[in-house]
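Biologist: I am new to this model and would like to know what stands behind the words used for it. Please take me through them one at a time.

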Amino acid sequence: MRKLSCNVAIALCSILGHAQALSPLQNASGLRLLISDENPQPSLRIVLPGRPPADGALVIFPEHVTARMHGRVEVEHLYMSGPPAEGTRPAWRESEHSIEYEKDLKGDIHFLARATLEDDGVRFHYEFTNRSSKSYDMIYAVTDPRLTGTFHDVRLERTYVHYKDGFDLLASETPARLSMPLNQWLPLRYLVSYTWSAPSQRVERREDGITYYNKSRAVDEPMVATLSTDGKWVAASFARTTGNVWSNPDLTCQHVDPETWLGPGQKAVLEVKILVFRGTLDDALEKVRAQRGHLN
């Protein structure tokens, strides 16, 4: 039970200099959503019922906001999550089911980020309001859920994507990953197309030392799902649509980042849902198909 009203809690946060005074949210299954004070940049914890905070996911909310102005080729970061010295803690607001904050970004873009705890997971909602005369052909916010504890999956042995013929391990085309030394496997990104064309080059080793693996065929659902170590829980990220889905297995993050356009004086909304519930991959697929069309 909460002991402070939303307004009182926010005032107290301002006095104390941090926002962690807000109470955790909890759904009927016992799943909790709470503000993480590990980083002054906006981040949340999704915690499994009866488990310590480290068992679930740390969500960078968002990791960055990136846009491409009309007529330009290069993109720019309107916001980038960074080390403590680069940021200030947001003025969090809490309602019965949601936690949110607002901030002004570069380029005279106003940004609202809201996380809503639902019966089977968390919906992440982003609103961009363009207060400038500039037009953006592309803008998006990167939700970065880093799965921890029972969901952590460094060798991608329990992380799946879906095709018309069923689920397949995200990294099934790299069987050697199961036995290669970790310093050869990491660091990497494993990607699979959804609306974008699948790259012809399956493995790319870049100058930054990161290896990019590209799965050979596109998936039929914009989702990534990871089973818990005991196989009883599922964490699955999905969006209405996206170009590709991918993971950095060292963090066991799930990326399904949608994008949109934003004209002068216009508002745009994007949403991502992270399912976290006790069930199977097929249960997750059923939920994705039922809910995906209701996301912005």
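Biologist: How many bridges join strand E5 to E11, and how do the two strands run?

Modeller: Five bridges join E5 (residues 64–69) to E11, and the strands run antiparallel. Two strands pair if DSSP finds at least two bridges between them, so E5 and E11 count as paired. Strands here are DSSP runs of at least two residues (E), helices are runs of at least four (H or I), and both are numbered from the N terminus. One of the bridges has Val65 with Ala141 of E11 as its partner.

Biologist: Before we go on, what kind of model is this, and which features count?

Modeller: This is a predicted model, in which local features need pLDDT of at least 70 and side-chain atom pairs count only at pLDDT 80 or more, while totals for chains, interfaces and linings use all residues. Residues are numbered from 1 along each chain as its sequence is written, and side-chain values use heavy atoms, with hydrogens and water left out.

Biologist: What joins E11 to E21?

Modeller: Two bridges join them, and the strands run antiparallel. Ile139 stands opposite Thr260 in E21. As for cover, five of the six residues of E11 (136–141) are buried.

Biologist: Why is Asp257 called buried?

Modeller: Buried means under 20% relative accessible area, exposed means over 50%, and partly exposed lies in between (1.4 Å probe, protein chains only). Asp257 has a relative accessible area of 14%, so the residue is called buried. Its place is in the loop between strand E20 (244–247) and strand E21 (260–262).

Biologist: What does Asp257 touch?

Modeller: Not counting residues up to four places away in sequence, Asp257 touches Tyr140, Ala141, Val142, Thr143, Thr242 and Trp246. Contact means heavy atoms within 4.5 Å.

Biologist: What makes the pair of Asp257 and His255 a polar contact?

Modeller: Their side chains make the contact at 3.2 Å. A polar contact is a pair of N or O atoms within 3.5 Å; within protein, one must be able to donate a hydrogen and the other to accept it, and residues adjacent in sequence count only if both atoms are side-chain atoms. The 3.2 Å value therefore meets the distance limit.

Biologist: How do you know that the buried residues of H3 line one face of the helix?

Modeller: In H3 (residues 281–291), Leu281, Ala284, Leu285, Val288 and Gln291 are buried. Seen down the axis, they fall within an arc of 145 degrees, so they line one face; the arc is that of the directions from the helix axis to the C-beta atoms. On the other side, Asp282, Glu286 and Ala290 are exposed. The buried residues pack against strands including E13 (159–163) and E22 (267–278).

Biologist: Why are Arg51 and Asp55 called a salt bridge?

Modeller: A salt bridge is a side-chain nitrogen of Lys or Arg within 4 Å of a carboxyl oxygen of Asp or Glu. The N to O distance for Arg51 and Asp55 is 2.9 Å, so the pair qualifies. Asp55 is buried at 12%, whereas Arg51 is partly exposed at 27%. By this rule the count comes to 19 salt bridges.

Biologist: What does the salt bridge of Arg292 and Glu221 link?

Modeller: Those side chains meet at 3.3 Å, N to O. The pair links distant parts of the chain, 71 residues apart: Arg292 in the segment after H3, and Glu221 in the loop between strand E17 (211–214) and E18. Glu221 is buried, with a relative accessible area of 7%.
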